[in-house]
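Here is a short report for a first look at this structure. Keep the sequence and the 3D view at hand while reading.

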Amino acid sequence: MTDADLLQSLGIDPARLEPAPPGAACGGAGIERLRGRHPCARCGHSSTVAGTVDIPGHGRRWVGRCMPCLIATTPRGTPRVPLEATLATIREAAREAGAMITIVTDTA
Ligand SMILES: [Zn+2]
């Protein structure tokens with residue numbers, strides 16, 4: 001995920017973010033930033049993670065996120081097994097338990 005992708009997923013205009021010093025992606029500057037109690041860029045609650053993005057035309061900017069928003073906007077990659085294999089395992093477990101289940105997915 002690029003910095004631009006991150007901001008798009010958060011629905012943030014980079015112009016709204018405060019400028020960050022060069023090279024302040026993490027470490028001491030990020031910890032110091034969290035002491036300032038800045039709001040999460042996504043939901044407005046207190047941020048627990050301070051990061052930066054570097055957007056052409058805007059330079060390096062701070063992006064603080066709370067933990068739920070960090071989790072919601074962190075790419076997880078692709079599944080390790082095909083969806084159909086996971087569904088087959090769930091169906092088998094339900095059959096063994098004698099449970100009637102309905103699985104709804106958003107894939108074809
Ligand atoms: Zn948040």
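## A buried alanine

Ala50 counts as buried, because 22 C-beta neighbours lie inside 10 Å. The cut-off for that label is 20 or more. This is a predicted model. Ala50 has its place in strand β1.

What does Ala50 touch, once residues up to four places away in sequence are left out? The contacts are Gly30, Arg33, Leu34, Trp62 and Gly64. Ala29 gives another distance to check. Ala50 and Ala29 are 21 residues apart along the chain, and their C-alpha atoms are separated by 8.9 Å.

## The hairpin

Strand β1 covers residues 49-55, and strand β2 covers residues 59-65. The two pair in the antiparallel sense, over seven bridges. Together β1 and β2 make a hairpin, with three residues between them. Gly57 sits in the turn and has a positive phi of about 90 degrees.

Thr52 stands opposite Trp62 in β2. Val53 stands opposite Arg61 in β2.

Arg61 is placed in strand β2. Arg61 counts as buried, because it has 21 C-beta neighbours inside 10 Å. Leaving aside neighbours within four places in sequence, its contacts include Pro14, Leu17, Glu18, Pro19 and Ala20. Thr52, Val53 and Ile55 are also in contact with Arg61.

Val49 lies twelve residues from Arg61 along the chain. The C-alpha atoms of Arg61 and Val49 are separated by 14 Å.

## The nonpolar core

Nonpolar side chains tend to be buried together in soluble globular proteins. Which residues form the largest nonpolar core here? There are ten: Leu7, Leu17, Ala20, Cys40, Ala41, Ala50, Val53, Trp62, Val63 and Cys69. The elements that give two or more residues to this core are β1 and β2.

Why is Cys40 classed as buried? It has 20 other C-beta atoms within 10 Å, and the label needs 20 or more.

Neighbours within four places in sequence are again left aside. Cys40 then touches His45, Ser46, Ser47, Gly64, Arg65, Cys66 and Cys69. Thr102 is another matter. Cys40 and Thr102 are 62 residues apart in sequence, and 37 Å apart in space from C-alpha to C-alpha.

## Helix α4

Helix α4 spans residues 83-97 and has 15 residues. From its first C-alpha to its last, α4 reaches 21 Å. That is close to the 21 Å expected at 1.5 Å a residue.

How many of the 15 residues of α4 are buried? The count is zero, and α4 is hardly covered. Gly98 follows α4 and has a positive phi, near 75 degrees.

## The whole chain

Now step back to the chain as a whole. How many helices and strands does it have? There are four helices and two strands. From the N terminus on, the elements run α-α-β-β-α-α. The radius of gyration of the chain is 20 Å, well over the 13 Å that the globule rule gives for 108 residues, so the chain is more spread out than a compact globule.

The C-alpha atoms fill a box of roughly 60 × 30 × 20 Å, taken along the principal axes. Of the 108 residues, 17% count as buried. Residues 24 or more positions apart account for 52% of them.

## Two domains

The chain is divided into domain 1 (3-72) and domain 2 (78-108). How many Å separate the centres of domain 1 and domain 2? Taken over C-alpha atoms, the separation is 37 Å.

Terms used: Residues numbered from 1 in each chain as written. Predicted model: local features only at pLDDT ≥ 70, side-chain atom pairs only at ≥ 80, totals over all residues. Pairing = 2+ DSSP bridges. Domains from an automatic or database assignment. Core = buried A, V, L, I, M, F, W, Y, C linked by C-beta atoms within 7 Å. Buried ≥ 20, exposed ≤ 12 C-beta atoms within 10 Å, placed from the backbone. Contact = placed C-beta atoms within 7 Å. Expected span 1.5 Å × (residues − 1). Rg over C-alpha atoms; globule rule 2.2 N^0.38 Å.
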